[in-house]
Amino acid sequence: ASGSANGMSSNPSSRSKPGARPKTAPAPTSKPDNSASHRAKPIAVSNRQRSVTKNKTENSSDLSDDSNESTLPAFDDAVSCLSALRMPNWDDEADEDGNTNLGILRGIASSNWKERVKAISHLTSFYKSEGGKHVTTFPSLFVLVRDSTKSFKESNFNVARALLEMFTAIFDVHATLVKVPEPCICVSATKLAVEKVGDRKLNQASAACLNSLCAVKQPSKVLAVATRTVDGIKSPLVHEALLGWFKSFCSGFGVSSLSTETQHCLIWILKEVGSNNMKVRKSALDLIGEVHAQLGPALQSFVKTRDLQANVISLVDKSCAANPYNPGAQQVDRPLKCLTKECAAIDSTGGESKTSSSLLSAPSLDLVASLKCDCIAQISSTEGKNSWKMRKEGMDNVSKALERCGGQLSTEGKAGVSLKQLVLALRSSLSDSQSNLKPVAASLIGNLLSHMDDEAQAKFGKTVFPALCTASMNDIKASMRNASLSALSLGTERSQQDGG
């Protein structure tokens, strides 16, 4: 059906802005009838519809890379496209008493919420059964519904639920076709689901919509939009509910499905742990526990790199202790997964087989440069009868710096040269004249090696392993023998940042 056949101009110059509705409804596609019951009635553009253009302008810069709608059809063109499908209930119909039953086109623009729900439900039913044949019309469907519902900003929960069910149906069709939806559809659906997830009556519909979307759109991008959206919402109910859904997501899809967005999501979760609302805080800690069960030491190392309040660190540590790390968690066959090529490309580069440290990359530390004092000179000091105090102070400074190190030590370039000098100084301390410093030096060597990758452990270990082996067998003090054995163990095990 052409634009003129439907009472619409197909001239590109007639393109309307998003949300701008025609002042009169288009003529129905059925045979024209001049009777009162079939005559198209003028549709006044309500304040609800006028606000769409304003809202679209205000939000145009928000996530513009993902939600670009410039390629969408104009409203008139969208209506013409959908009219051509001749879907059931599209046009008005008269009953036996001569009363007009609004069709989809006029019903979705009605001020009566029941008519809007009915129209959206008719659209959902049609696309559930026929969507696979008409996948190219989804942009037109999006434009029609967007411009008729204030850009999906519906306050009536019945209409909101109908919209969520429509989006879920759209994503289910894409899952069947193994096809990625239009970005603007994904962004709008995510925002709507996040805004409504805190409503008890809409929680399940919102969760179902988000799960269906993550099956066809890279989850990391969905969560990026979700966390930015919730940051602009004050209601603690929304924050609590989204955290709850996020936990089920981690269980169903796996934390590794977040890929490069893992760090961003954790920053958001840690912020929620510091919430003043007890329920939000509890939901965030429950989520932290699930993440720790899958990422383990990598999560704890990442937390160390963040500037967090002491009470937040304490709460996170307790949640981690209550949810022990499962080394095989990332190899578990999850019940939910992204089906599209977009996600398959991520999986082929690591996906489920990625290590915890690759998901959470903590910055490497130039240990010696990070210290305010010359620790190497302190540890090597032999002048004066109290020089042992200087040596102990140098070791204590290094130990404190290691406690604050959430990632691995930098072993390349100048950082590697200074680190080798430090290891040599500590090796000399294994035979310190002050016997109480010998086990301190041995323990510190083990701690240093535990913060290196496998290659660096082997490289630096060659420098100290012979002396540690000798001390572990021949030293007269049990404390030194035990400290040396512990250092050997730490220096020959995979670091915690690589999964322990």
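Glu 412, Asp 453, Asp 454 and Glu 455 come together as a negative surface patch. To count for a patch, residues need over 30% relative accessible area and no salt bridge, with like charges joined within 9 Å. Asp and Glu are the residues taken as negative, and a charge is placed at CG of Asp or CD of Glu. Accessible areas come from the Shrake-Rupley method with a 1.4 Å probe, and for residues only the protein chains shown count as cover.

Keep in mind that this is a predicted model, where local features need pLDDT of at least 70, side-chain atom pairs count only at pLDDT 80 or more, and totals for chains, interfaces and linings use all residues. Residues are numbered from 1 along each chain as its sequence is written, and side-chain values use heavy atoms, leaving out hydrogens and water.

**A closer look at the patch**

- Asp 453 sits in the loop between helix H21 (437-450) and helix H22 (454-474). Helices here are DSSP runs (H or I, at least four residues), numbered from the N terminus.
- With a relative accessible area of 31%, Asp 453 is partly exposed. For the labels used here, buried means under 20% relative accessible area, exposed means over 50%, and partly exposed is in between.

**Helix H9**

- H9 runs over residues 219-231, which makes 13 residues. From its first C-alpha to its last it reaches 18 Å, close to the 18 Å expected at 1.5 Å a residue; that expected span is 1.5 Å times one less than the number of residues.
- Most of this helix is covered, with 10 of its 13 residues buried. Among them are Pro 219, Val 222, Leu 223, Ala 226 and Val 230.

**Salt bridges**

- Searching the whole structure turns up 12 salt bridges, each one a side-chain nitrogen of Lys or Arg within 4 Å of a carboxyl oxygen of Asp or Glu.
- One of these joins Glu 154 and Arg 116, at 3.0 Å from N to O. Glu 154 is in the loop between helix H5 (138-148) and helix H6 (157-177), while Arg 116 is in helix H4 (residues 113-130), so the pair links parts that are 38 residues apart in sequence. Both Glu 154 and Arg 116 are buried.
- Asp 231 pairs up with Lys 271, and their closest N and O atoms are 3.0 Å apart. Since Asp 231 belongs to helix H9 and Lys 271 to helix H11 (residues 262-273), this bridge ties together parts 40 residues apart in sequence. Asp 231 is partly exposed at 41% relative accessible area, and Lys 271 is partly exposed at 48%.
- Asp 286 and Lys 282 also meet in a salt bridge, at 3.1 Å from N to O. They are 4 residues apart in helix H12 (residues 278-295), so about one helical turn separates them. An α-helix has 3.6 residues a turn, so residues three or four places apart point the same way. Asp 286 is partly exposed at 32%, whereas Lys 282 counts as exposed at 53%.

- Phe 152 isn't a glycine, yet it has a positive phi of about 70°. You'll find Phe 152 in the loop between H5 and H6, and it is buried, with a relative accessible area of 4%.
- Val 178 isn't a glycine either, and its phi is positive too, at about 50°. This residue lies in the loop between H6 and helix H7 (183-196), where Val 178 counts as partly exposed at 43% relative accessibility.

Methods
Patches are made of residues with over 30% relative accessible area and no salt bridge: like charges are joined within 9 Å, nonpolar side chains (Val, Leu, Ile, Met, Phe, Trp, Tyr) within 5 Å. Helices (H or I, at least four residues) and strands (E, at least two) are DSSP runs, numbered from the N terminus. Buried means under 20% relative accessible area, exposed over 50%, partly exposed in between (1.4 Å probe, protein chains only).
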